[in-house]
Amino acid sequence: VVEEALKKAGLTFREGYDDIVTCSSDHWEGLTLTDIRHGEVAGAHLGPGEEKVCHDGANAVLFGCVKILSGHARVVVVTSACKENEVLNPSVIENFGFDAPYQQLLGLDFTQAGALQATCYMDRCGLAREDFARAAVKSRRAARDNPFLQGGGEAGVEEVMASQMLAYPITAMERKPACDGACAMVLACEERAGALTDRPVWIVGIGNCCDFHNLGDRDLAESRSLENAARQAYQMAGIRNPAAEIGVFEIGAHYSYQSLMWIEGLGLCGKGEAAGLLRDGHLERNGRMPVDPSGGLLGGVPRYVAGSNSVIEAANQLCGEAGEVAVEGRPRYALAHGTSGPAGQHHCVIVMKEGE
Amino acid sequence: VIVGIGQTYHRSKRPDVNVAELSAEGARAALTDAALSPKDIDAFIVGNMELFEGRYMQDLWQNDFIGAAGKPLLRVTTGGTTGGTLACAAFEYVASGLYDVVMALGFEKQSEGDSRAALKTVADPLINRWQTTGAIGYFSRQARWYMKEAGAPETAGSMVRVRLARHASRNPHAHLRLEIDSVDEAMKSPYLIPPLRQSDMCPASEGACAIIVAAEEKASKMAKRPVWVDDWISVHKEAVYVRGGRHSTADLEMAAAKLFERNNIQKPMEDISVAEIYGPATWAELEWLEAYGFCEKGAAWQLEEKGYFHLDSHFPVNPSGGVVCTNPIGATGLIRVAEAAIQLRGDAGDHQIARKPTKSFSSAWGGSGWTVAHLLSAQK
């Protein structure tokens with residue numbers, strides 16, 4: 001993927017870029033210092049520097065932007081990779097992601113934490129399991145048109161709800177499938193961008209935020225950290241009404257309920273209204289507010305790659321390279337989002353604008 | 001501008017705290033030093049060795065303990081250089097203009113997991129996993145190499161150890177504060193793999209370190225004694241570092257050469273008043289001082305013999321006692337920056353260098369051979 005990204009920017013290996021940000025996880029590869037390999041294939045040997053971000057991939061993009069804004073780098077290559085299928089039992093790793101004295105001992109994994117959140121959200125907003133299942137149906141259908149995703153399918157609401165129950169109300173088809181994959185992109189400062197591409201996409205807003213870890217300290221039906229991250233990004237981008245101004249959204253929904261909850265957290269509609277928008281078709285690729293036209297995480301994107309892949313999918317929409325998954329019309333702004341940790345503890349939001 | 005510096009005390013085991021509490025201790029120390037509260041921090045950057053505590057997403061748990069909830073948080077994990085990278089990332093965060101006050105926090109609590117087992121997974125599972133020996137194997141080979149190349153006697157490592165022991169005994173934060181008064185005494189230490197002795201190698205420590213970096217306008221109101229950040233750099237080397245049997249310090253050489261060139265430093269030992277370098281073994285300190293270009297190839301052990309690197313001498317190296325005396329991995333690189341900054345402030349107390357501090361060099365090393373280095377100044 002690095003080769004392809006460099007080729008698109010007219011760069012050659014180790015030439016023309018001065019920093020690399022990689023995103024991967026030791027736990028999912030069973031190796032320590034995974035960035036030795038990822039940095040190396042991106043050309044870090046005695047050339048560009050390399051740093052590894054260990055959150056969702058959107059944060060690697062954020063860090064790349066920070067590096068460019070700081071003036072310490074002008075062109076940055078960002079890579080993300082994860083092989084989830086190397087891991088036999090993801091629940092064990094996720095369980096070690098909870099604090100040792102309390103929540104880990106309860107045997108929680110991220111799916112169970114998500115289930116707690118989904119239940120709180122259902123209860124608060126009077127939603128039904130069908131509302132969540134519908135989000136999975138939409139993503140899986142959209143993913144069929146995306147040649148990069150393998151998790152597409154025709155299953156209807158009934159079939160999704162009838163698939164194996166993992167933790168109420170989350171079924172197997174409502175959880176992001178385990179998969180392997182990688183993505184890469186080239187970020188550049190304004191002065192260099194013109195020489196690298198004739199169809200630039202500008203990153204105009206970034207923000208990230210971390211919530212309390214202890215699930216009991218949070219109102220699980222709300223997503224304060226996402227609201228905060230989105231506020232930072234909108235403010236930077238000068239966006240007042242995101243629902244009207246931004247034309248396409250690629251969000252990090254690891255579970256079906258998150259597609260709805262994150263839309264509300266991003267301030268695109270009122271609390272509890274996302275389910276109605278979905279039911280009425282407004283979130284479809286040709287709808288008023290296209291969400292995950294690429295198929296999104298539920299269509300099969302590995303964790304860590306998730307957020308940076310969202311950035312790429314959203315950018316492709318702006319520069320007209322989205323192919324089969326392109327939304328109707330030509331959006332001016334796009335938003336990408338990624339989340340890490342149990343029940344959306346950490347969020348990162350990136351707003352992009354089409355190039356002139 | 002660095003406006004706050006803090007670290008915990010370091011021990012091989014800290015049963016009194018868990019990982020999150022340990023991190024909080026480091027964060028609190030830096031906040032106290034800067035007279036700030038977590039509310040004043042705009043963004044947090046944290047890091048450690050991902051596998052060493054045997055935990056997943058450790059940053060998210062400790063988040064509640066360091067006051068980062070509701071704030072931007074980034075975790076960077078670049079192996080041995082993690083601490084050095086944390087500092088770079090904090091500098092970049094502030095320089096970007098997006099955040100005014102940023103905390104970088106590194107920590108490690110190695111007794112929670114099995115560091116050596118985790119570190120063994122560093123080698124490629126297909127090519128050279130079977131021959132990995134962890135850090136001891138690497139640094140014994142490095143010591144042998146240095147003896148051959150520099151014509152150094154076997155006592156050279158122990159000379160370094162005596163200096164570091166003397167420095168660490170004056171540093172209240174240091175982990176190993178052993179009384180090693182003479183080279184003869186250091187030479188009594190058992191071999192790990194000859195010529196590397198137990199006393200030559202860094203310990204496995206537990207501890208945390210934090211610095212607070214602020215934009216210039218804010219810093220002038222905050223800091224009593226601000227420390228100015230001149231420049232920083234990161235250089236990587238490919239993983240198969242034993243290719244052709246050749247040992248290489250190309251990453252160290254390139255990092256320092258570029259950094260010195262960019263900042264117009266022609267005579268490093270004169271222009272820079274103190275070095276806090278990342279030397280996981282005594283022998284590495286000697287070889288790397290040469291690689292950074294502080295002295296000629298093969299000259300470091302002779303200068304060491306003359307006592308040149310002591311804290312009251314010409315060119316103080318690791319007045320804190322260095323990595324050989326304290327090594328909580330994720331924090332180690334950041335401790336180099338913190339200790340260098342404390343020297344520039346003139347705040348180091350018993351281990352303050354005799355020479356007037358103007359500029360410092362700090363470095364971190366890790367992974368398959370990669371180097372992060374920073375230059376700090378006492379004045380703007």
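How many bridges join strand 1 of chain B to strand 7 of chain B, and do these strands run parallel or antiparallel? The notes below take this up first. The model is predicted.

1. **The pairing of strands 1 and 7, chain B.** There are 5 bridges between strand 1 and strand 7 (residues 206-214) of chain B, and the two strands run antiparallel. In strand 7 of chain B, Cys209(B) stands opposite Gln7(B). Strands of a sheet pair through backbone hydrogen bonds, either parallel or antiparallel.

2. In chain B, 5 strands make up an open sheet. Their order is 1-7-4-2-3, and the pairing is mixed. The edges are strand 1 (2-7) and strand 3 (73-75) of chain B. Each has a single partner strand, so one side of each is left without a neighbour in the sheet. On average, neighbouring strands of this sheet are turned by 15° against each other, direction ignored.

3. **Cysteines.** The count of disulfides over all chains is 0. Take Cys125(A): the nearest cysteine sulfur belongs to Cys269(A) and is 9.6 Å away. A disulfide here requires sulfur atoms within 2.5 Å, so Cys125(A) is in no disulfide. Cys88(B) is in no disulfide either. For Cys88(B), the nearest cysteine sulfur is that of Cys209(B), 14 Å away. Cys88(B) is buried, because its relative accessible area is 1% and the cut-off for buried is under 20%.

4. Are the two partners buried or exposed? Lys67(A) is buried, at 1% relative accessible area. Asp19(A) is also buried, at 6%.

5. Glu264(A) and Lys271(A) form a salt bridge, and their closest N and O atoms are 3.5 Å apart. Glu264(A) is buried, with a relative accessible area of 8%. Lys271(A) counts as partly exposed, at 37%.

6. Glu216(B) pairs with Lys380(B), the closest N and O atoms being 2.6 Å apart. Glu216(B) lies in helix 8 (residues 216-222) of chain B. Lys380(B) lies in the segment after strand 11 (370-377) of chain B. Glu216(B) is partly exposed, with 37% relative accessible area. Lys380(B) is exposed, at 72%.

7. **A charged network in chain A.** Salt bridges also link residues into a network. Its members are Arg124(A), Asp219(A), Glu222(A), Arg224(A) and Glu227(A).

8. **Chain A as a whole.** Chain A has 14 helices and 10 strands. Its radius of gyration is 19 Å, close to the 21 Å given by the globule rule for 356 residues, so chain A is as compact as a globular protein of that length. The C-alpha trace of chain A spans about 55 × 45 × 35 Å along its principal axes. Of the 356 residues in chain A, 65% are buried. Among chain A contacts between residues at least 6 apart in sequence, 73% join residues at least 24 apart.

Terms used:
Residues are numbered from 1 along each chain as its sequence is written. Chains are lettered from A and ligands numbered from 1 in the order in which they are written. This is a predicted model: local features need pLDDT of at least 70, side-chain atom pairs count only at pLDDT 80 or more; totals for chains, interfaces and linings use all residues. Side-chain values use heavy atoms; hydrogens and water are left out. Buried means under 20% relative accessible area, exposed over 50%, partly exposed in between (1.4 Å probe, protein chains only). A salt bridge is a side-chain nitrogen of Lys or Arg within 4 Å of a carboxyl oxygen of Asp or Glu. Helices (H or I, at least four residues) and strands (E, at least two) are DSSP runs, numbered from the N terminus. Two strands pair if DSSP finds at least two bridges between them. Axes are lines fitted to C-alpha atoms, for helices over the stretch in contact, and angles run from 0 to 180 degrees between N-to-C directions. The radius of gyration is taken over C-alpha atoms; the globule rule is 2.2 Å times the number of residues to the power 0.38. Contact means heavy atoms within 4.5 Å.
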